[in-house]
Protein chains: 2
Amino acid sequence: MTRRRLDDVRRLLVARRLDALVVSHLPQIRYLCGFSGSNGLLLVTRTTDVFATDGRYAEQVKQEVNGPRVAVGAGPLADVIAPRVRLRRGARIGFDPEQTSIAAMSRWRSSFRGAMFTPVPGLLDPLISVKDHDEIEATRRAVAISERVWKEVLPMVVPGVREMEIAARITFLHRLHGADGDGFEPIVASGPRGALPHAGASERRIRRGELVTIDFGCRWKGYHSDITRTVAVGRPSPPLRRMYQAVLESQLGSLLMLRAGVAAREVDAEARRILRSHRLQPYFRHSLGHGLGLQIHEQPRLAPTSSDILRDGQIVTVEPGVYVPGVGGVRIEDDVVVRPHGRDLLTSLPKDLLVL
Amino acid sequence: MTRRRLDDVRRLLVARRLDALVVSHLPQIRYLCGFSGSNGLLLVTRTTDVFATDGRYAEQVKQEVNGPRVAVGAGPLADVIAPRVRLRRGARIGFDPEQTSIAAMSRWRSSFRGAMFTPVPGLLDPLISVKDHDEIEATRRAVAISERVWKEVLPMVVPGVREMEIAARITFLHRLHGADGDGFEPIVASGPRGALPHAGASERRIRRGELVTIDFGCRWKGYHSDITRTVAVGRPSPPLRRMYQAVLESQLGSLLMLRAGVAAREVDAEARRILRSHRLQPYFRHSLGHGLGLQIHEQPRLAPTSSDILRDGQIVTVEPGVYVPGVGGVRIEDDVVVRPHGRDLLTSLPKDLLVL
């Protein structure tokens with residue numbers, strides 16, 4: 001599997017007239033050769049590839065790394081790699097300028113003397129954003145774990161419980177049911193805290209009549225789930241109900257737009273159009289969604305400024321929200337595979353307003 | 001508090017003949033101005049300071065940021081800052097080359113045209129590594145939460161339990177008892193898995209007669225605890241007992257060396273010397289310890305190659321270990337404040353071999 005991905009990279013090298021690509025971003029390293037540790041460097045040339053890490057991972061690489069030659073060494077990893085590859089004088093080596101520090105570049109320059117380092121921002125994004133069958137199944141598994149956790153955690157969402165008790169329980173159950181761990185710290189935002197899109201979970205106790213937004217997800221073999229549901233604890237007021245219905249309509253409407261070939265910003269625009277018809281568009285202050293994979297935020301972006309065109313096999317979140325200061329918030333988020341003529345929902349939790 | 005830290009930075013600017021310092025590393029931003037979000041940039045000049053973030057954090061900065069002027073804006077944060085400060089033509093702006101990407105530098109250069117960017121690796125490390133009273137108390141609180149968790153989790157360390165059940169419980173209890181969350185994913189390594197220093201926690205079930213190494217810690221207001229204990233589940237074999245006693249002796253001996261003015265590598269050497277007297281030194285394959293603060297790994301490093309001299313108020317871990325492939329492992333780790341004439345232990349859990 002990773003062999004094929006490395007060959008895909010080689011095709012990019014030819015197309016971009018590069019002699020090699022140096023990969024230092026850990027999720028990209030994991031994608032290309034399976035390594036899940038915290039220190040590694042991969043060089044892919046037109047004819048070979050070498051992965052380097054340090055002695056702590058000598059055992060782990062034997063189990064994980066499949067594809068490139070492996071070199072375990074001390075000191076700068078570029079120095080471990082350089083003697084093992086032959087590059088022509090003046091070779092063009094591509095790198096990702098967002099993921100490369102000034103200090104790393106200076107080390108690489110002294111390891112690969114005479115090479116020309118060429119920035120290729122986002123070179124691997126198209127490759128990584130389109131998922132193969134195994135990646136979709138891994139994501140499906142992560143979603144299944146999170147959905148099981150959701151069902152087990154719902155009975156504790158009652159008046160008087162603290163937000164962080166719910167968050168702690170989600171984390172516990174994710175691990176217990178076989179996830180690598182949370183994909184991110186769960187958000188539990190009740191009542192007026194629901195108006196903070198990135199609220200975390202606080203000591204606040206949930207009260208009757210409030211909406212509670214819970215945004216959670218896990219990793220399974222590195223692949224992420226990312227789900228949000230908003231529930232009512234006791235009967236919510238009519239304005240809160242209307243907010244909920246508007247967000248649900250926006251979420252369902254934008255889901256219907258998803259298919260390969262559509263501009264991501266058009267899907268985002270549809271979500272906003274529907275919220276505008278409810279006069280709630282000013283309260284939707286983030287983008288509609290993002291790619292999901294070995295990273296919790298990947299390409300493509302579903303946002304007003306996105307230039308991405310959706311492609312078959314991409315996994316994205318669709319998560320419109322409305323946040324009214326002093327009142328509360330609603331967000332509904334599913335994980336979806338983009339398909340040629342539509343979409344496959346990975347999430348299956350019900351979306352009608354649940355009154356607990 | 002952060003006002004004083006910003007003034008300390010200004011003294012460094014004068015000493016290093018810089019006109020300004022740009023700070024992009026989030027833990028350093030948190031240290032200097034209190035901001036705990038995920039996107040920010042701070043510029044400190046000799047006369048002023050400006051912190052910039054995006055619209056998501058408009059509310060959060062009001063609660064958190066204390067000291068610098070705050071600017072909330074869209075687009076590159078350096079563009080948000082630049083119009084708000086006056087720098088002379090050719091101003092020398094310091095930056096950390098390990099924490100600055102090639103892409104960020106190119107954005108900064110276009111925001112601060114005509115400035116001379118000067119790498120100052122580790123400039124803030126001495127400042128950040130020495131903790132003030134509030135920082136030590138925050139760490140003490142994090143340690144107290146973790147020690148409470150330890151006592152509550154011990155009864156479940158029995159034959160038949162899976163490592164990850166213990167890890168999940170630790171995470172749950174950390175949150176429940178008021179931590180921000182884990183400081184890192186707990187390590188639970190039983191039996192032969194104890195020979196992997198970075199083992200994580202697996203599906204493996206603990207068996208009678210095994211040693212179990214548990215390495216865990218939390219964050220409280222950003223400050224970390226980091227504790228390891230190795231316990232025996234049922235009576236361990238004499239060789240395992242001897243391993244334990246050797247590591248304990250090494251840990252106690254190196255603790256005794258800790259005081260301000262001592263070279264960190266000497267403390268590390270003492271731990272190795274004691275293990276050598278037990279013929280176990282080849283099985284100690286990582287460094288003795290690290291600084292602890294807003295980051296889980298900070299300066300100083302207690303390692304054979306360290307050039308750090310210990311200073312009053314630094315918080316460090318002391319964690320010798322022995323890892324014998326196929327047999328198992330032992331690690332014992334405390335958190336300690338370096339003092340002029342010795343050390344203050346922050347951890348208080350017993351260290352005699354606990355046979356459960």
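**Two domains, two chains**

Across the interface of domain 1 and domain 2 of chain A, the rule finds three salt bridges. A salt bridge here is a side-chain nitrogen of Lys or Arg within 4 Å of a carboxyl oxygen of Asp or Glu.

Ground rules. This is a predicted model, where local features need pLDDT of at least 70, side-chain atom pairs count only at pLDDT 80 or more, and totals for chains, interfaces and linings use all residues. Residues are numbered from 1 along each chain as its sequence is written, chains are lettered from A and ligands numbered from 1 in the order in which they are written, and side-chain values use heavy atoms, with hydrogens and water left out.

Domains. The assignment for chain A gives domain 1 as 2–128 and domain 2 as 130–345; such bounds come from an automatic or database domain assignment. Their C-alpha centres lie 34 Å apart. Ten residues of domain 1 of chain A are in contact with twelve of domain 2 of chain A, contact being heavy atoms within 4.5 Å. Together, these two domains of chain A bury about 840 Å² between them. Carbon and sulfur atoms hold 42% of that area. Buried area means the accessible area (1.4 Å probe) that two parts lose on being put together, summed over both.

Arg5(A) forms a salt bridge with Asp132(A), with the closest N and O atoms 3.1 Å apart.

Which elements of chain A give two or more residues to the domain 1 side? They are α1 (2–15), α2 (26–33) and α6 (125–129). Helices (H or I, at least four residues) and strands (E, at least two) are DSSP runs, numbered from the N terminus. The largest share, four residues, comes from α6(A). By class, that side divides into five nonpolar, one polar and four charged residues. The classes: Ala, Val, Leu, Ile, Met, Phe, Trp, Tyr, Cys and Pro are nonpolar, Asp, Glu, Lys and Arg are charged, and the others, Gly among them, are polar.

Now the chain pair. 30 residues of chain A are in contact with 30 of chain B. The buried area between chain A and chain B is about 2,400 Å², with 59% from carbon and sulfur atoms. Three residues, Ile102(A), Phe172(A) and Arg175(A), supply 27% of what chain A buries against chain B, more than any other three.

Six salt bridges are counted between chain A and chain B. One pairs the side chains of Glu98(A) and Arg107(B), at 2.8 Å, N to O. There are 14 residue pairs in polar contact between the chains. On the chain A side, α5 (102–111), α8 (163–176) and β7 (181–182) give two or more residues each. α8(A) gives the most, with nine. That side has twelve nonpolar, six polar and twelve charged residues.

Symmetry. A rotation of 180° with 0.0 Å of shift along its axis superposes chain A on chain B, RMSD 0.0 Å. The two copies are thus related as by a two-fold rotation axis. Which residue of chain A comes closest to the axis? Ser101(A), at 2.0 Å by C-alpha. And 97% of the interface residues of chain A are also interface residues in chain B, so the copies meet through the same surface.

Last, some local details. Over all chains, the count comes to 56 salt bridges. Arg162(A) pairs with Glu203(A) in a salt bridge, 2.8 Å between the closest N and O atoms. Arg162(A) sits in the loop between α7 (133–153) and α8 of chain A, and Glu203(A) in the loop between β8 (187–190) and β9 (210–216) of chain A, so the pair ties together parts that are 41 residues apart in sequence.

Backbone geometry. Most residues other than glycine have a negative phi, and most peptide bonds are trans. Arg17(A) has a positive phi, near 55°, and lies in the loop between α1 and β1 (20–23) of chain A. The peptide bond from Gln299(A) to Pro300(A) is cis, omega near -5°. Pro300(A) is in strand β14 (residues 298–302) of chain A. In chain B, Gln299(B) and Pro300(B) are joined by a cis peptide bond, omega about -5°.

How values were computed:
A polar contact is a pair of N or O atoms within 3.5 Å; within protein, one must be able to donate a hydrogen and the other to accept it, and residues adjacent in sequence count only if both atoms are side-chain atoms. Copies are superposed by least squares on the C-alpha atoms of residues with pLDDT of at least 70 in both.
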